[in-house]
Amino acid sequence: MEFRKLNNITGWIIFGIATLVYFLTVEEVASYWDAGEFIAVSYRLMVPHPPGAPFYLLVGRLFSLLSFGDGEQVGFWVNIASVLSSGFTILFLFWTISMLARKILGIRPGEQVSLPNSLAILGASAVGALSYTFSDSFWFSAVEAEVYAMSSFFTAFVVWAMLKWDLMTDESRANRWLILIAYMMGLSIGVHLLNLVTIPALGLIYYFKKYKPSAKGIIITLAISGFIVILINNMIIPGLPSVAGYFEIFFVNSLGLPFGSGAIFFALLIIAGLVWGIRWSIANNKVMLNTMLLGLTFILIGYSSYAIIVIRSNYDPPIDENNPENVITFVKYLKREQYGSRPLFYGKYYTADVLRDETGRAITKEGEAVYVKGADKYEIVDRKVEYEYDPKESTILPRMYSESPPHVQKYRQVTGLRPGEVPSFTDNLTFMFKHQLGWMYWRYFMWNFAGRQSDIQDASWMSPLEAFEDVPAEIAENKGRNNYFMIPLILGIAGLIFQYKKDLHGFAFVGMLFFLTGIALILYLNSPPIEPRERDYIYVGSFYAFAIWIGFSVLLLADVLKRALSAKTGAIAATLVCLSGPVIMAQQGWDDHDRSNRYFSVDSAKNFLSSTAENAILFTGGDNDTFPLWYVQDVEEFRTDARVVVLSYFNTDWYIEQMMRQVYESEPFPFTLTLKNYESGGPNDYLPLYEEFNLNSIDLRQYINLLKENDERLRVYASANVVPSRTFILPIDKEKVKGLGIVPPGMDSLIVDRMVISMKQGRGGLEKKDLAILDILATTDWSRPIYLNNTSKEQINIDLDRYAIQQGNAYRILPIENPQPQAEFVDTETMYTNMMEKFQFRELDNPNVYYTEDYRNFVLNHRSSFNSLSAALINEGKTEKARNALMYMLERMPDEAVPYDYTASRTVALLYMVDEGEKAREIAEIIGNRAIEMITFLQSGGMDSGFELQKNIIILNELQRTMLMNGEEELAEKFTDGYNRGMQIYENNRSQM
């Protein structure tokens, strides 16, 4: 059989293997983080977070139709889009390795490939493709509804297509491949921008084919390629809409034409210019210019998928982030303005002081005007302002720029800087190499090709020797603990060296691809030192490049073995030996990448909503307590009467405006303030505390009305209204509240005459979100149930804790005051019904299901809620109901499936109180022995984790007290000894700081 046919058949076989692996391990619903949002916005074609992914949404929408209207199947089918995208990524990677391998072996296009060479090439392609198939980061993205799988497909496709172009001898046919690549680049913009960074590497392929290589030529090629990246990333993607915005403002504001006229005129101008240029290039036989213009045209055709964002935003869908319904707001959306910016080439250190004038006022640089769409023209509401900083505390290539206290602490921890010490450029580089490159890239690289210590956030990579270390069962049994014994890493390095020696041009291409999609991204993104989650999925392009080198290890070994064996036998033997790499990756990684039968991301979202009353407003604070809730409402149509409000968006006028309209059965929010009062750039963006009025408190409704009327007495500062007192008073009509029936039974005596709402200590003012919450509290007058969860309670600047009564996993704000401020405030009747009858816990009792740290943390939250409920029931004398709740919790969330966490120490104490001493002792021994084992491990220097130490000290402290109280002297002594050893380590660590 000829090589071409063998190559195609084997490629499709590898595609089948990869696709089957991903199909068997795919998430069946929406996982945590962005997946819930992407499934929801794909299903209903809504507007996701900036900068959007419109082509991904269109593909996701098509796959969602395969659910045939079954909302519970939508998540699975949108996930399947990632499965197939990943399968095709592996297919094109296989064919890419095959083409590069032929170059290494010196096989020219059209030349017959011998059987030994065919076997070696196919073996190399299979080993490299399967290594990437089972790599940790790519496998993770392949089985969930995220953009990274589809983005990887586009990367693999354009690399393969460029190598196909390289084989073409017919110039006209070859140019068609360049235009196809341009079109795919354009489409990829509607998924993710990572594909653009491959352009300089592709440029090298073009250069090596067209010109005789030289150092000067390579530099020029990289410069031109870099310009193309800038052209697309900076001039086309945000640039064309920005220019369209200038035309729009001129046409509407200056010429008095209708909205949209300027943008339409500019679009027609671009189209006319391209048509004229293409026709002229044909007429004048300008082949290069024609190819370039056609390439640009097809990039723009692909980019046009972004029209769906503006079109759908104009229909006001339930999820309409940033409301990009006109060209002005669309530009802000594309530029991700809500996320701020990071310095790249020049900027300040975190210690830099703002420059001030003689009066002490900060020196600022006024930027461009901020426009919003008015009644008949675009109005200026604000101007962008940048602070000027002391140039002595600025640097080129700034890496330590964030003033966030946790970030500053991390800077100091990495560099050894003391408080108040100004970083030097050496410190700056130390942080870049040690943390940004070392921790935020090479650690991830080693995860994929050496191994990973565990699935716990900030886990390090794993060396072969660690496989033989005696570690606590908690670590040893962690499914995310994978040790590849560096086999893939060694194979990759061997392949890298072999390609370098045999094909320098091919090595330059793969090496550039590796650099651009890994280290260069680290330098460009300039990420903050602490992230809410691991970001390894961003750098999968470089892992893709390294997998190519892993494949080439087969060629190296076959070259060595043919000296002792026949060339054919050597190629087969080399393939079998090198397959050890992907085989061990698959064996080690299967259990922590298999997402079968995992539903708790969705169930926990439903449990949040089930904690609320009808027509509720639920304030949330983060991705994982927001996006899954959007999914269950917009896709599975669960509790669509409730409104989920994410606080980070509630600081914007566009989001507040969306709360003023009906969504499904959820009624518009009642506000006293108008949208004009909440307008961005207005005086209520941030309201600083101003205590010079000497007011002990102020009536909340009176304050809201003063703001509505723009009372000049509050405009102490030119640009902002102020908060005249730290404390607000909200009078309560007690009879009305009783008549509404919202107070839990037996708590009428706790109704207050007035609510005293104070700003939290250390907070210097109110953000717009705080003002909006206060407005809703004052205006609804208890006609609408209002809830907070744990994250939103922490994120607001006002203290509502004394009026927040727990009814499940959410806290309802009511005009009743906790009589014991230090104790939990629980509506036991409602909470018991919610948690025992409405909450869902599918497969949480199945030890064969893998739960990541995200899932375990949400299980922890539920266990904590059960503890709170049980403790409150015990205080009310309802011991039997408390026992039922505790035993139900242990049945639905057993240790065998989701290991006990630190909440179990409180569970032990509660079990003793409900006469379940035997179960209490059983759990105490399990968690106590684990804590002692971990402390012993930490004492031996096995791991450096202050959090783990403190957590286990607290567990043992609580256990030893509980054991003493219940006559368990032997266990108490054992736990006390472990506690003392833990405290000794803690004190030693403190003395060394």
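This is a predicted model: local features need pLDDT of at least 70, side-chain atom pairs count only at pLDDT 80 or more; totals for chains, interfaces and linings use all residues.
## Val560, a partly exposed helix residue

Val560 counts as partly exposed, because its relative accessibility is 39% (buried means under 20% relative accessible area, exposed over 50%, and partly exposed in between, with a 1.4 Å probe and protein chains only). Val560 belongs to helix H22, residues 540-561; helices (H or I, at least four residues) and strands (E, at least two) are DSSP runs, numbered from the N terminus.

Residues are numbered from 1 along each chain as its sequence is written, and side-chain values use heavy atoms, with hydrogens and water left out.

Where does Ser792 lie? Ser792 is part of helix H31, residues 790-795. Ser792 is buried, because its relative accessible area is 0%.

The side chain of Ser792 reaches the backbone oxygen of Phe619 at 2.8 Å. Contact here means heavy atoms within 4.5 Å. Setting aside neighbours within four places in sequence, Ser792 is in contact with Phe619, Thr620, Gly621 and Leu647.

## Helices H32, H33 and H34

Helix H32 spans residues 828-838, and its buried residues are Thr828, Met831, Tyr832, Asn834, Met835 and Met836. What do these buried residues of H32 pack against? Their partners are helix H25 (600-610), strand E16 (804-806), helix H33 (853-875) and helix H34 (879-892).

H33 and H34 also meet each other: their axes come within 8 Å and cross at roughly 165°. Axes are lines fitted to C-alpha atoms, for helices over the stretch in contact, and angles run from 0 to 180 degrees between N-to-C directions. That angle is why H33 is roughly antiparallel to H34; angles under 35 degrees count as roughly parallel, over 145 as roughly antiparallel, 65 to 115 as roughly perpendicular and the rest as oblique. On the H33 side, the contact is made by Arg863, Phe866, Asn867, Leu869, Ser870, Leu873 and Ile874, and on the H34 side by Thr879, Lys881, Ala882, Ala885, Leu886, Tyr888 and Met889. The residues of this contact divide into nine nonpolar, three polar and two charged (Ala, Val, Leu, Ile, Met, Phe, Trp, Tyr, Cys and Pro count as nonpolar, Asp, Glu, Lys and Arg as charged, and the others, Gly among them, as polar).

## Helices H5 and H23

Helix H5 (residues 115-133) and helix H23 (residues 567-578) have axes that come within 8 Å and cross at roughly 5°. The two helices are therefore roughly parallel to each other.

Leu115, Pro116, Leu119, Ala120, Gly123 and Val127 in H5 meet Ala567, Lys568, Ala571, Ile572, Thr575 and Cys578 in H23. By class, the residues of the contact of H5 with H23 are nine nonpolar, two polar and one charged.

## Backbone features in the loops

Pro50 and Pro51 are joined by a cis peptide bond, with omega about 0°. Pro51 sits in the loop between helix H2 (35-44) and helix H3 (54-64).

Asp316, a residue other than glycine, has a positive phi near 50°. Asp316 lies in the loop between helix H14 (307-313) and helix H15 (327-334), and counts as partly exposed at 36% relative accessibility. For Met486, also a residue other than glycine, phi is positive and near 60°. Met486 is found in the loop between strand E6 (482-483) and helix H19 (487-502).

Technical notes
A polar contact is a pair of N or O atoms within 3.5 Å; within protein, one must be able to donate a hydrogen and the other to accept it, and residues adjacent in sequence count only if both atoms are side-chain atoms.
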